[in-house]
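Open the structure in your viewer and follow the stops below in order.

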Amino acid sequence: MTAFLTASLGFILVMLALGLVRILHGPRDADRMMAAQLIGSAGIASTLLLGAVNRSPATIDVAFTLGLLATFASIAFVKKGLSRLEVEDPGSAGDA
Amino acid sequence: MSGAVVFGMCGVAVVGLGLYSLITNPHPLRKIIAFNLVGSGAFLIFGAVARRSATTAFSGDPTPRALVITGIVVAFSATALAVALLLRLFDAAGSATLGADAQSSTADDASGR
Amino acid sequence: MRLALDVLTIVAVSGGAFFFLAGTVGMLRFPDTLTRLHALTKADNLGVGLVVVGLLPQAAGPREAAELLGTWLLVLLSGSVVSQLVARTVFATDRLGDALARGPGPPR
Amino acid sequence: MSIQTALELVLAAVVLGLAAWAVAARETSAAVVGFIAYGLLIALVWVALGAVDVALAEAAIGGGLGGVLLLSAGARLRENEKRAAAERPGAGARLAAAALSAMVAAGLAVAVLRLPTPAPTLAPQAAANAAATGMGNPITNVLMAFRAMDTLLEKFVLLLGLVGVWSLAADRLWGGNPGPRHQADPLGLLAFLARLLAPIGVVVGIYMVWTGADHPGGAFQGGTVLAAMWLLTMMAGLTDTPPVSSLRLRLVLVAGPGVFLVVGLAGLLFGAAFLSYPAAYAKPLIVAIEVAMTLTVAATLTLLSAGAPEQRLER
Amino acid sequence: MPHSAADATPMAGALLVLAIVAPMVGALVAVAAGGRHVERIALAVTPVGLAIAVAIAAAIGQGGGPLTYLLGGWAPPLGVALRADGLSAVMIVTTAAVVCAVGLYARANFRVPAGEAPTRSTFAFWILLLGVWGALNTVFVAGDLFTLYVALELLTFAAAPLVSLEARAETFQAALRYLIFALLGSVLYLIGTALLYGAYGTLDLVLLSQRVSAAPTTLVAAALMTTGLLAKTALFPLHLWLPPAHAGAPAAGSAILSALVVKGSFFIAVRLWFDVLPGLPCVGAAQLLGGLGAVAIVVASIVALRQERLKLLIAYSTLAQIGYLFLMFPLALHAGRLEGGGALGGGLLQAVSHATAKAAMFMAAGLIYAAVGHDRIVELKGVARASPMSVIAFAIAGAALAGVPLSGANLAKELLLQAASETGQWWWQAVIQAGGFFTAAYLVLVLAHAVAPAAEPVERRAAAQGVGAAATLALALCSLLLGLVCWTPYLSVPQAILSKSLTLDEVPKALTQILGGAVLAVLLGRWGVRRPGGSLWGLLAAAIAPVRRATVALGGVVERADCALRQWPAAGICLLALALAFGAAIHAGF
């Protein structure tokens, strides 16, 4: 069973690495954001599998934390339109 | 080859990459990322050191791991301070680079009097 | 019983891995942002979900199982929110008609 | 080669690929995304190295606060890209830097590979003295007892970092709220997410502090999760940072190091030594310090991420 | 294992804790109180800190031995120890004295005036000052490599914002450069720490010194840590950040940065090489450090003489003085080992002299700036009349730094010269003498402009700052009279040298030095356009014109080289090259 889980983990890691190509190509931030999200999900799945491989239950806490924060990068990505000094007109803020 | 060796070498390589980027990348934000990479490589070396002593009784040495947690806190404060400085510099100067030296106005005039 | 659980694990985790494969291939091969978004959501929801289902039989106790399921729920939540956000940025930056009409390689 | 080693090699390769991407990407925003993904994978590496405490810290910082900090900075600096690119060093300098970096890394590799075997370790000593604190998590013991001084100093690092960030405020904005003001989300999506996630996150953060005594977790990890949740509600427009001039805020900021110092000095005056804990009360005292530190860490990290005061006090 | 602090002297050892805690408590209370209380709290802490520093010095002086304190009662390697020896005591007292003087001086700029709202800088300055103080005290007494790392970072985080307190664009840039380069330095130090822990299982300085052997890991660790510390100390050629940072900060901040902050990483470098790594072959590394120091003296001094602004001149003079500090490494070599004898004493004494004198010089420059509204050297005519106290203080501090009789710098120079002749390295004697001449040169250059009578009386911009000027003068006098202090229990200062430096034949030496400095200043310095006058001076100027053209051209070349080296990629490449050079130098001794 350990060998199978390890192999699946390796497979998902390779998928994750391939997702990088999308970050590389873009072409725009929305694509990068999605690639990052995919990498995040794959990372969470990998963490869960690694915890099962290592038989360390505390690892699930790590995956849980990652899941809790998974939206953060994306939110920062869309919020950046607003992250200006307050003198700027917030009227164009419809994208968030 | 154990995990300590693999990830130790990984840390070493990350340090190398970070150093290169820290030196050659002109954008200050990229330098800040590069500093974080070098720091993370250093932490990985700590992690490898901790893992090397893993036995059946202990999963590794807790001391280097505790040092890494302290190090992560310090590195985050450093990043936040550097980013704040960078943004302030950008606001004040309209551009933010570390290259052009605002002070050196005396480069060429050799004649004193 | 143990065997049945192990088979469940193998089937489910394999299924999860497959959806990650599908999601990644979609990310790489699909022509524009919105179709890629479609690929992403599958990998997110089903990939992690099946891995979680597969690991449930291996969990040491109910608390661990609950935490596994909780992680999945968080991933579901973040996945749906992020796809909303992505879609909105796409619609905000260029109107849908534009994006669809031009097909592959959306304008920058 | 065992399957375990193969996995470790794959993981290390992916990590290196991400690091290389963060270095080589042309656009800063792409590099930042690469770096965030790198932080996520590093958390996985720490799990693989058997250090779950560190993995938690790295996941919380790398996946949450650090990413937000760098991404929003990258967005504000978008116009800086061209200026900076003009100062790109020539090919010769880059080649020299690459060669020298490679040589330094090679030397470092030799040093790591030539570390003595069996490796020296303090693990048995740490375990033998764990009874003095009554805590089961060896890392908490190191942080709170054996090397408590480092932890205390680290809290001052955070505080001074924050004073440094605040010192960058424009004079007219001094006393105001740190960071940009976030507009409330018109469609309510972020607000919905924040209302849903923040309570879960708060529970998780508190759980991490509480469990840190005996299991992986601790004040820093918990505080970071709390900070991330606060930041989330701020980004959703539900809350704002408190103004710098708020006394309550500043009391929270000094609570952690303050309680730590008071306990430490009590040890100096009435006990065995500075930062020593009386055997009978060691655990409650440490927990008390950790609670105070969690609040301080949460507030400090949030405000460090928010940046210098950018909003006027009156508003 | 707790409560096993039997060998430590708890009562006196607790002073070490207090030395760290007092400024920290001050900073905490100040953050909490805020507003106009910040300054009062900081000024209330300074006498306490000074008293603690003096008490530490007294305890070490009386006890004769170093103080040790086991934090939490945990003995190393598991725990962390604080230790203070003579060197620590000297540095702690110096720091306290400088901080007190700067605190009094800074009241003029960073006090909340009655009836006005507190501002950003009145809040930040005092807290950062306390932060620097606590960090430095930690650096001086910490007995653990990682605690030293945290203290170094604390020092950097407190120091970098001081640079940009005046909130001009170029100061933000200077602060950012300083911060990132210093972070690079400290992360290299951290990597070395990881390696040493991996090799020896401890970070305690004393335990390490017993365990360290000549192994590849130790070599790499030593090379990286040394390079990292040099980057934070701004030893040539890693000095790109220092001139703009130290010149751009407000005067009180410059005084702290130049006098104290760079000494923190310097002190750790000394500790590392003298105390932690005696098991490592150090001849090559020590010669390399000395060589860099020598180049720093020459290059930085020449560039200093060409500066337009007084604060930049003083900043470059700091670079030269940092080089001077590193001369002690090759001079302390005895039979292939670094031994803390006269050379170490001389080096530390020079550090103390520089700390007091340089703080006074920056404070005097600040007073001059306040008085006339600029600090362009060639336009300083008449300042001596407008602001006599500041010029006198500047002159005294400069003279003390140049090594006139009685001064600490003079004593340090004698010690270093003696060490050079004892170890048969005459060439370092030449460098040491050159350092003295150059220091005299920029003193002469500035004073010649400042005391020159102005065509019309200089208009004073601000009222005289009584307390600030007094603090400046006190520091300058302190530096001038350091030669009279009894250093014996703290630094190894042979009585013979002490008495020799008080004899009359020192006077002609000093005069020669001032004269030599004047010649250098005339040949290399930047002079204003002089009114044509057929006086003796005009004739003399015509006579030396060809020579001066040559020397000025030479100076231009040096300045351009310095400018090139201060580019970020060049400095980074130098940093890596230095790390490799240190590795090679140590390896050669294997």
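**Cavities, then chain B**

The count comes to 16 cavities of 30 Å³ or more. A cavity is a set of points on a 1 Å grid over the protein atoms alone where a 1.4 Å probe fits but cannot get out, and lining residues have an atom within 4 Å of a point. Grid points are joined across faces, edges and corners, and a volume is the space filled by probe spheres set on the points. This is a predicted model, in which local features need pLDDT of at least 70, side-chain atom pairs count only at pLDDT 80 or more, and totals for chains, interfaces and linings use all residues. Residues are numbered from 1 along each chain as its sequence is written, chains are lettered from A and ligands numbered from 1 in the order in which they are written, and side-chain values use heavy atoms, without hydrogens and water.

Select B:Asn36, B:Ala75, D:Phe35, D:Glu58 and D:Ile61: of the 18 residues lining the largest cavity, these lie nearest its centre. Its volume is about 250 Å³. H3(D) supplies the largest share of this lining, six residues; helices are DSSP runs (H or I, at least four residues), numbered from the N terminus.

Next, go to the second largest cavity, with about 200 Å³ of space. Select A:Ala36, A:Gly40, A:Ala70, D:Ile36 and D:Leu40, the closest to its centre among 18 lining residues. H2(A) gives the most to this lining, six residues.

Finally, select chain B, which has three helices and zero strands (strands are E runs of at least two). Of its 113 residues, 73% count as buried, meaning under 20% relative accessible area with a 1.4 Å probe, protein chains only.

How values were computed: Buried means under 20% relative accessible area, exposed over 50%, partly exposed in between (1.4 Å probe, protein chains only). On a 1 Å grid over the protein atoms alone, a cavity is a set of points where a 1.4 Å probe fits but cannot get out, and a pocket is an open set with protein on both sides within 12 Å along at least five of seven lines; lining residues have an atom within 4 Å of a point.
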